[in-house]
Amino acid sequence: MDEVDVIGPEQHPLEVTTSTNIINNDNYDDLIVRLPDPIIIRGSGHVTVFALNSKFDDEYPQQLMARVARDEYSETIKRVNTILRKSVPINFKWLLCGCICCCCTIGLSMCPVFCLNKRSKHAVNKILEWENQRLYHKLGLHWKLDKQKCQNNAVQEYVLMIEFRPKLTLTRPD
């Protein structure tokens with residue numbers, strides 16, 4: 001009877017239960033799935049307008065060998081490259097016109113370039129989201145357009161990132 005735990009005013013009763021739950025959850029550490037690093041697909045085109053390249057590399061990554069067929073991968077890259085092939089040269093022409101007229105228009109001539117670039121990124125994201133819903137989420141993958149720093153300098157560029165998603169385990173407890 002002398003060893004009764006008394007909860008003082010400075011200690012909340014839930015603190016005791018959470019510390020015991022942490023100890024009990026050590027058994028579930030084995031169920032955590034380790035995911036591989038995401039695959040980065042860099043731009044390989046000759047024209048880059050506001051970090052968006054005119055073409056992405058269509059070489060099949062070896063990390064996708066057992067997950068996605070080469071045909072599906074090449075179709076996705078071809079769809080993205082088609083959008084970029086149509087939009088980036090137009091963006092570049094508007095950028096040149098905007099730079100020429102920038103002094104006369106107090107910088108307002110750059111607005112069409114920003115809007116067109118945003119539209120291009122939105123179109124690529126829309127295609128990637130459609131592909132994710134159609135195929136890649138079922139395979140445990142997620143494609144997205146992401147902005148990253150270049151390897152050699154501090155300039156940023158948009159890359160295609162393929163992230164691995166954990167598959168749902170039905171045997172895992174709630």
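Colleague: What percentage of the 174 residues in the chain is buried?
Modeller: Bear in mind that this is a predicted model. I'm counting a residue as buried when its relative accessible area is under 20%. On that basis, the buried share of the 174 residues comes to 28%.

Colleague: And the accessible surface, how much of it belongs to carbon and sulfur atoms?
Modeller: The chain has about 12500 Å² of accessible surface in total. The part that belongs to carbon and sulfur atoms is 57%.

Colleague: In what order do the elements of the chain run from the N terminus?
Modeller: The secondary structure comes to four helices and five strands. Reading from the N terminus on, the order is α-β-β-β-α-α-α-β-β.

Colleague: Which strands are the edge strands of the open sheet?
Modeller: The sheet has three strands in the order β1-β5-β4, with antiparallel pairing. An edge strand pairs on one side only, and that applies to β1 (39-41) and β4.

Colleague: What is the average twist in that sheet, from one strand to the next?
Modeller: We're still on the open sheet of three strands, β1-β5-β4. From one strand to the next, its twist averages 30°.

Colleague: Which residue in β5 is the bridge partner of I40?
Modeller: β1 and β5 pair in the antiparallel sense, over three bridges. I40 has its bridge partner in β5, and that partner is M161.

Colleague: How far apart are the end C-alpha atoms of α2, and what span should its 31 residues have?
Modeller: At 1.5 Å a residue, the 31 residues of α2 should span 45 Å. The model agrees with that, because the end C-alpha atoms are 44 Å apart.

Colleague: Where in α2 does the kink lie?
Modeller: The bend is about 25°. It comes shortly before the proline P89, at R85.

Colleague: Does the same span check work for α4, or rather, how far apart are its end C-alpha atoms?
Modeller: Helix α4 covers residues 111-136, 26 residues that should span 38 Å at 1.5 Å each. That agrees with the model, where the end C-alpha atoms of α4 are apart by 35 Å.

Colleague: Which elements do the buried residues of α4 pack against?
Modeller: The buried residues of α4 include V113, L116, V124 and L128. As for direction, α4 lies across β4 and β5 and runs at about 150° to β4. The packing partners of its buried residues are β2 (48-49), β3 (52-53), α2 (70-100), β4 (141-149) and β5 (156-164).

Note on methods: Residues are numbered from 1 along each chain as its sequence is written. This is a predicted model: local features need pLDDT of at least 70, side-chain atom pairs count only at pLDDT 80 or more; totals for chains, interfaces and linings use all residues. Side-chain values use heavy atoms; hydrogens and water are left out. Helices (H or I, at least four residues) and strands (E, at least two) are DSSP runs, numbered from the N terminus. The expected span of a helix is 1.5 Å times one less than its number of residues. Buried means under 20% relative accessible area, exposed over 50%, partly exposed in between (1.4 Å probe, protein chains only). Contact means heavy atoms within 4.5 Å. The bend at a residue is the angle between axes fitted to the seven residues ending there and the seven starting there. Two strands pair if DSSP finds at least two bridges between them. Axes are lines fitted to C-alpha atoms, for helices over the stretch in contact, and angles run from 0 to 180 degrees between N-to-C directions. Accessible areas come from the Shrake-Rupley method with a 1.4 Å probe; for residues, only the protein chains shown count as cover.
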